[in-house]
Amino acid sequence: LSTGEVLKTLNKFYKRKEIQRLGAENGLDARLFHQAFISFRKYIMESSSVSADLHIILNDICCDAGKVCPVGHVDDLFPFFLRHAKQIFPMLDCMDDLRKISDLRLPPNWYPDARAIQRKIIFHAGPTNSGKTHHAIQRFLSAKSGIYCGPLKLLAHEIFQKTNDANVPCDLVTGEERVYASEDARQAPHIACTIEMCSTNTPYEVAVIDEIQMIRDPARGWAWTRALLGLCAEEIHVCGEAAAVDLVTELMYTTGEEVEVRNYERLTPLTVLDYALESLDNLRPGDCIVCFSKNDIYSVSRQIEARGLECAVIYGSLPPGTKLEQAKKFNDPDDPCKILVATDAIGMGLNLCIRRIIFNSIVKPTVNEKGEKEIDSIPTSQALQIAGRAGRFGSSFTQGEVTTMHHEDLVQLKEILNEAVPPVKAAGLHPTAEQIEMFAYHLPDATLSNLIDIFVSLSQVDGMYFVCNIDDFKFLADMIQHIPLNLRSRYVFCTAPLNRKEPFVCTTLLKFARQFSRNEPLTFDWLCRHTKWPLAAPKNIKELVHLEAVHDVFDLYLWLSYRFMDMFPDAALVRDIQKKLDDIIQIGVRNITKLIRASQSAAAPATAEVVSEDFPTAKRDARAASDRHGAKSPEALSIAVEAPALRRARNPRASRSGTRQEDLKSYGRGSLANRLLREGLLTQEMLRQLESEWQDQHRNGRYGFGSKRDDQHSSKETGKKRK
């Protein structure tokens, strides 16, 4: 057979609409059809011989090409194509069963116990600091039994404390911890838990679901959907933004339950100021600077303490105990610490006495529904939640204020805060272990990662739901695929709550799974050897970050200990050393500026060498910055480097074009930019200045720096483009 003629025939077969329709009828969507065809074409073109019947069909089609009454037709290849497709996609043989298993169109039917009772749904809708959760908790306290479901361990712990302080016995249940109100470990009638841990089988009089708007979260939304549809409670009090009212009402319509909406207004006034902070010299007691990266946290806190002021520091990866200790330090009227530097971690879970919220930036990295990373302006919902932390009701500040660090951001912040919060349109879903096990029964040779992929590709959801992104799950599934585990255990390991960006934690999970597969218990001594416990107080930022990772490893051990008690037997001992580690991390955070200085000192020689080689104008500008800000100011370290993230942050749309990628590479961003960002040597203010200078260089066609007036004009133009 002529290779060219066969290739033409196959390509003609692929383009036939009738063939594509037949493929869809047999379970091959566009993606699977394309993959199957590529494999089928490769099989025919690269095989030294094919089966006799396929050879005859190909011969008839090729030889009859151009004839008026051809014997063969390209459609005759379809049975052979389908047979090949079933060999590489075994699920095609049981497609009907798999479609039924992955049918997610009626989630309310998954919870027969909840459908067996008539529940009363009460939605407490209002902004931050409106008292909505307070009213729901009062009903929770007065009930004979109840469950509180919150998004954070800190919130669950707060309700646990308040409930027991009110002489209402309450247990605490999180992924890593069980604390009983009674000494004999009998279950109390009230439970405060993180939302993933709520039971859909236990009956309660009252349930409280906090922060219901997180039902749209791309990663965790499924937990709110499960609680809302599945909790067996006579009354369910839902707290959150008014933007979620319509969706909750629609969801409850499908269960035959009505929703009573109670609206709340903010209890204290909140004012958006007409001026930006501009300089850290203008800070006042009760100020909180909100940053969206740890690098900015390090840099801003360093600059504040260089001015002789004390500041507390709170960011997401800190242990809960350290966050509480820093919050207590900031709230204490007798403590000299009157400034807080924090990430958006303060948006929920901590009671803070803040007078004024100052946004250091109004852009942050996010992950969309597809699991793709983006850098864009903060959404209205998050901006309102963070800004609302100022002027908390009952604190020493009777009204809150909000502004930005930089004047050019203030106009956009006002626009963001004045926009209506977009309504929550869909609720998250996630495949259960039982559904994946049923898939595995039909596809015994498929890996867990492939099972999840097939499930999502076949799943059917209606307009009120979406399938949460499963990238983290698949990452862990692929990582431990080579370890022999039964499917249920493998599934549990893949749902472990860890940050896949932390190599030490991921490596530890891998070792946990390997030892688990050998049926060897993971003892306290083993864990101490692995983490090199006991550990000393950190001497620099790198060591502090490692201690945070070790704390996460202890959390991981405790989380697994409640699911495999016999294989992770030393939870009590691990909890003891975790508390000691928390104290060590607190020491590091209290001395964070010393750690930053130590890190800067270590990086200084390498920085100076690269600057002298690659940036002849940098010394001059560092000297100018030194004159403006003082010799010891971090601004004096400003170097003409722009990382790609900067351009994306200040102009997200422009970042997608990638028109200046090669220019940036030739201009020397390299490892120096990464090192400076990692060590906190570049601040947000410095990055803004660098961007203006970079734009000016392109505008003037040179590598000198533009005037201050040009920089201001550039900033205004950037604002217009972004708007």
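Helices here are DSSP runs of at least four residues, numbered from the N terminus, and Gln-435 has its place in one of them, helix H16 (residues 433-442). Keep in mind that this is a predicted model. Below is a quick tour of that glutamine, the open sheet and the nonpolar cores.

**Around Gln-435**
- Gln-435 counts as buried because its relative accessibility is 9%, and the cut-off for buried is under 20%.
- A polar atom of the Gln-435 side chain lies 2.9 Å from the backbone nitrogen of Thr-432.
- Once neighbours within four places in sequence are set aside, Gln-435 is in contact with Ile-101, Leu-104, Trp-110, His-430 and Phe-455.

**The open sheet**
- You will find 8 strands in an open sheet with mixed pairing, ordered E4-E3-E5-E2-E6-E7-E1-E8.
- Strands E4 (178-179) and E8 (259-263) stand at the edges with a single partner strand each, so one side of each has no neighbour in the sheet.
- Strand E1 (residues 120-125) runs parallel to strand E7 (residues 232-240), and 6 bridges join them; Ala-125 has Gly-240 in E7 as its bridge partner.
- Helix H8 (residues 132-142) lies across E1, E2, E5, E6 and E7, and runs at about 160 degrees to E7.

**Nonpolar cores**
- The largest nonpolar core has 154 residues, and Phe-493, Phe-512 and Phe-568 have the most contacts inside it.
- Helix H22 (residues 541-561) gives this core its largest share, 12 residues.
- Beyond four places away in sequence, Phe-493 touches residues including Leu-476, Phe-512, Phe-516, Phe-564 and Phe-568.
- Another core, of 27 residues, lies apart from the largest one, and Leu-350, Ile-357, Ala-383 and Val-402 are among its members.

Conventions
Residues numbered from 1 in each chain as written. Predicted model: local features only at pLDDT ≥ 70, side-chain atom pairs only at ≥ 80, totals over all residues. Heavy atoms only, no water. Helix = DSSP H or I, 4+ residues; strand = E, 2+ residues; numbered from the N terminus. Buried < 20%, exposed > 50% of the residue type's maximum accessible area, 1.4 Å probe, protein only. Polar contact = N/O pair within 3.5 Å; in protein donor to acceptor, adjacent residues only side chain to side chain. Contact = heavy atoms within 4.5 Å. Pairing = 2+ DSSP bridges. Axes fitted to C-alpha atoms, helices over the stretch in contact; angles between N-to-C directions. Core = buried A, V, L, I, M, F, W, Y, C linked by side-chain atoms within 4.5 Å.
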